[in-house]
Amino acid sequence: MELLFLNSLSKDGNMAESLEPGVGLKNSELFFNKNKIPIENTIFIDILDNNIIKEYDKSLVKISEYGVRYISADALITKKNNLFIYQKFGDCIPFTVYDTENNTLVFAHLGVVSVINLLHKEII
């Protein structure tokens with residue numbers, strides 16, 4: 001599995017569709033296209049703040065009212081190649097663990113609630 005870490009910048013625009021309907025999704029699509037990532041290979045993690053860890057399965061993917069493909073969880077585990085998992089962060093920590101021996105990736109959102117509830121320890 002090849003890992004690719006990308007960060008959007010303020011010049012990429014607001015990507016939070018719920019805050020700016022019609023703009024967030026468009027900016028996200030522009031960002032993915034610029035980085036040669038097919039939109040159908042993207043999964044947004046919809047944070048629950050309950051230490052919910054899910055293993056990626058196509059059947060878990062939902063489509064938001066804005067057309068965003070997402071899975072509700074605090075961390076997502078996958079062995080699937082060519083899957084771009086993303087989250088929007090402010091003052092939280094994007095936490096990634098990759099097990100080379102088992103070709104397994106975990107991507108998590110560590111906010112205040114997750115850290116207090118020791119999500120990072122549970123993942124490790």
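Helices (H or I, at least four residues) and strands (E, at least two) are DSSP runs, numbered from the N terminus. The model before you is predicted: local features need pLDDT of at least 70, side-chain atom pairs count only at pLDDT 80 or more, and totals for chains, interfaces and linings use all residues. Residues are numbered from 1 along each chain as its sequence is written, and side-chain values use heavy atoms, with hydrogens and water left out.

I turn to the largest pocket. A pocket is an open set of points on a 1 Å grid over the protein atoms alone, where a 1.4 Å probe fits, with protein on both sides within 12 Å along at least five of seven lines; lining residues have an atom within 4 Å of a point. The largest pocket holds about 1,000 Å³ of space, a volume being the space filled by probe spheres set on points joined across faces, edges and corners. Its lining comprises 34 residues, with Leu4, Leu6, Phe84, Ile85 and Tyr86 nearest the centre. Helix H1 (24–34) and strands E6 (84–86), E7 (93–99) and E8 (104–110) each supply at least two lining residues, and E6 gives the most, with three.

Next, the aromatic rings. Rings of Phe, Tyr and Trp (its six-membered ring) pair if their centres lie within 6.5 Å; planes under 30 degrees apart count as stacked, over 60 as edge-to-face and the rest as tilted. The count by this rule is five aromatic pairs. One of them, Phe32 with Phe84, is edge-to-face, at 5.4 Å centre to centre and 75 degrees between the planes. This pair links H1 to E6, 52 residues apart. Ring pairs also join Phe31, Phe32, Phe44, Phe84 and Tyr86 into a cluster.
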